[in-house]
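Subject: Structure for your review

Dear colleague,

Please find below the structure that I am handing over to you. My notes on what was found in it follow.

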Amino acid sequence: MNWEVIGIWLGALLSLSLYSFLYKDNPFYKFAEHLFVGMSAGYWVIYTIMNVLVPNWWQNMVPPSGGFQPIWIIPGVLGLFMLFRLIPKLSSYSRLSLALIVGTGAGLSMTAMLQTNALAQVHGTIISLGTGGGWFDWVSNIIMVTGVVCGLVYFFFSKPHEGVMGGAANVGITLLMVAFGASFGYTVMARISLLIGQTQFLLFDWLPTMGINL
Amino acid sequence: MRLAIPLTITFVAGMIMILQFFVPATQSLGESLQEWYMIVASFAIFLGAMNLITVHVHKIRFRAKNWKYSPVTIAGFAAMVLTGLFMGIETGRPFDFMFTTMMVPMGATMFSLLAFFVASAAFRAFRASNWRATLLLASAFIVMLGRVPIGSMIWNRIPLVSEWIMQVPNLAGQRAVMIGAAMGMVATSLRMIFGIERSYLGGTD
Amino acid sequence: MMKTLVVLSLLLTAGGALAQGGEGLIECFTAQDAPNDAGGGIDLVWTLSLDAVPPDSIVLERKDGDGGWHSIAALAPLSGRKTDNELENGVEYSYRLVPYYGGIAQEPSAEVSAVPGKQWIHSGRVGMLVILTLICIIIMYFIEQGKRGKELFIRRIAGLTAVEDAVGRATEMGRPVLYIPGIMDMDDIQTIASMVILGRVAARTAEYGSPLVVPTCRSVVMSVAQEVVKASYIQAGRPDAFIKENISYLTDDQFGYAAGVDGIMVRERPAAIFMLGTFYAESLILAETGRSVGAIQIAGTAMPSQIPFFVAACDYTLIGEELFAASAYLSKEPKLLGSLRGQDVAKLFFMVVITLGVIAATVGEAWEPAARVAEFLRTITNVE
Amino acid sequence: MAKFIEKLGTVDRRVIFLLMALAVILPLAFRMNLPIPIEEGPSKDLYDAIEALPPGSRVLLSFDYDPSTMPELQPMAVALAQHLMTKDIKIVSMALWPMGVSLGNEALTMVGDSLGREEYVDWVNLGYKTGGGVLIVRMGSNIQTVFPNDYDGNPIADMPVMEGVNKLGDFDMIISLSAGDPGIPAWVMMAGDRFNIPIGGGCTAVSAPQFYPYLGTGQMVGLLGGLKGAADYETMVRLEEDDAAPGTATPGMAAQSVAHLVIMLFIIIGNIAYLSTKQKKGGLR
């Protein structure tokens, strides 16, 4: 028994315990689940300390080369404010830290979303219907453009979906359904690949440790 | 006016992030703010960790349902934190060993459960109950066929049809969702930055 | 790229020519302030002569204050461009290139110079700035309108009409309501939207008296959720019914979280499950397990890749923007309805841009002025 | 019968789970070779092009990928190595991606050992050098100045496998297993077009369509796309050689196909059951 074999066994037993959930909830699953939650929470604590707090904060404030950068006290203090949640009397200080997080996030996503999710998509849709040349390309391009416009009509909230609006919204939601179906079907292969990967681990890494070679 | 200071911070932080996108001269300001934000958010992980431990200690103390598993969570947490802090996180150390031999396979297993759930969801949901549902069913079916050799055995054009569905109706649908959602996000961000939406700060004052 | 290729292929046909000095070899060597940066950068661009053998490498040199030349970078022969960074703004810098053949330096190129500076506006983002300002003004205008009490309509959103029923059903069955706010942190707008909806859902559970369980994947989300739910319970006059322990943190790990929530679902058997926020691959793991315990499920996300799974496994799905409309729908607050109206107008704007652009581009294949309109619309929607 | 069909519509989902598990486990465990129809196509073209090379030819095999695309590209590396080595073609390998070196070595060593081919005599791994397109151009005039040693630091000058190979033009074919940039486009433009060497390749399923134009113009002799391409190639190599080492792409593809079939079968059953229930109830419209 060496460490590699122990590792394979740990991985295999825990995997099988989690798979047992497919049959029904049971003590093996409960054990693996509780272990997974605990271990991963611990992992992320260490990860955060080692990969964010030490290099991005502590080593900026107290550089290993010597000296002290007082400006870095501010994020440290705001970080500590976050922990004041634990002390009811001081918990309202945490709002300051929260405000920083939410504000930065809001500003960042406002520009990022407008750029990649809106403008880039609009830009990509401004095509000539004749692109490609053949009648089939005409049909495809018309479906594409109508699809985007009608899909947007479906997302209108302040007007009732009646008349022309209603018709367009109907075309829109129909097209969305086709898109969802396609997207679902497309993902199936990737999901099965994951299962194939795990099955190969169990069949070709774990079984051989018991002398079973398929 | 206890909300005034937090709302000001939100406003200033949000504005800096928008500004640095359009004004190259302020890029370094934006970068520092993002770094600060990352540090502040990282501190919060201790809050969560404390909560997790408290909840499970609580469960054990009051013998709540399934309390017998709570020590497992605490032990798992302690094992990772203690080995990580005191024995290092480099390859080959206990922390790394537990990560690669236990956490990675568990994550992969949970991920692979999707293969089963995709099957059961497809079985139950893809019913031709009306024409719209039939379209959803048909597009899923054709795209699935187009991904495996069986598809081209049935009709050699199936992969092409599936490709077309992905490139035309699917792309159009995705774009509509993305543009719409972007408007929702811009409006929500705007309401946060200008303090119109403030319920996330809690409190009624 | 194309240019390099042409140069390259011509170069190769001329194989066997002799090594050349920088003067004959390097053409069009220019230096200019790097655009759209915070200063401190100079862009250097050059092409190689068409009738020379490419050198093994090229060394870029910068003139120091004392007038001597110092090597600052050794470059691949065909690279053709380099940005020198971390310079002082407002100071003039001079550069030259020295080609090397087989380790032997040749005659250097002519000298070029430039002054780095910072820019106050990103030239590739002006169009976006105009559009963003426009959208913000529109939305703010309608929010004002709403505040002033203008009557605003909102269409029916099936998933949100069901919120009341779902909570009511949970109360009847004496089972809890489970609320899953996605796996992203508070900086994600969908999480924020989810927190706002959580406030409304909590108001209902407070009213009906069924327990509300909120497992979170992020510490900050946990603490915000506690605040939001507590505020709702206080507002509903039921502060006693608020149980802080029901809003707990599990783990930051995506699948660890999924495993934990699956466990909660099968053991607590919630009668109603809300999944609103940012979801990734775990969406279907949660939704199928929720389905198996017989809960009414209301999901909502703006992640295009996950919507299909929610549509397949949940009773109601808020698609994309519907998630952001939820807080307005549930509260019927005038300023939120106004904001929604503003979003609609912004979408109308994009629809017009798309329609105009497509027509112009199509007509433009035959009629030049229309092509220019299409080009203009493409330019303003292009962001660097 | 009608009742049975209706029952099928509400079958316990664990039955589906079980069938899915079997659909994946059985093909893998029994190394199922679902007949993969070998039609005319880019995979077959590549096979035929290699088939047409006389023994003793020299092929440059470039491993331009990293572990993230290994599931798709590694089986190709193995199958190609197998085909080349059984045909007594000398392999000179290299990598435009740093991580490609060890992945390539894994494939070559495994196949080489099983077929009794010797490193430095029948194959060699030159290793990785940065530079992409420029590197290729320089190899066009002299390989030894670019790669004086192989990945292990052994001088390549006196290796039997390098005999008569001084520049790219001395190769009879170049094959790039490419996960992105630099990869196939660089080889086609910098080596294929320039020195008239046939270029073959393998890539991920996602990126395959972007290379179809090269096939149309003859700039590439053949292409393996994704797991499907890898499985095609394994099948073709196996037809030639019975005792060949087992591949992973074919059973993987078989498992994929069977699992897809199971899901589609369930969708069909679900709909039959649904429609028959609806009819019996007098239909909901």
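**A threonine in chain C**

C:Thr251 sits in the loop between strand 11 (247-249) and helix 7 (254-268) of chain C; helices (H or I, at least four residues) and strands (E, at least two) are DSSP runs, numbered from the N terminus. This is a predicted model, in which local features need pLDDT of at least 70 and side-chain atom pairs count only at pLDDT 80 or more, while totals for chains, interfaces and linings use all residues. Residues are numbered from 1 along each chain as its sequence is written, chains are lettered from A and ligands numbered from 1 in the order in which they are written, and side-chain values use heavy atoms, with hydrogens and water left out.

C:Thr251 is buried, at a relative accessible area of 0% (buried means under 20% relative accessible area, exposed over 50%, partly exposed in between, with a 1.4 Å probe and protein chains only).

**Strand 5 of chain D**

Strand 5 (residues 199-203) of chain D is mostly covered, with five of its five residues buried. D:Ile199, D:Gly201 and D:Cys203 point one way, and D:Gly200 and D:Gly202 the other. Strand 5 runs parallel to strand 4 (residues 173-178) of chain D, and five bridges join them (two strands pair if DSSP finds at least two bridges between them). D:Gly202 is the bridge partner of D:Leu177.

With helix 9 (residues 212-217) of chain D, strands 5 and 6 make a right-handed β-α-β unit.

**Chains A and D**

Here 14 residues of chain A are in contact with 16 residues of chain D. The two chains bury about 1400 Å² between them, 74% of it on carbon and sulfur atoms (the accessible area, 1.4 Å probe, that two parts lose on being put together, summed over both).

Key: Right-handed = clockwise from strand over helix to strand, strands pointing away. Contact = heavy atoms within 4.5 Å.
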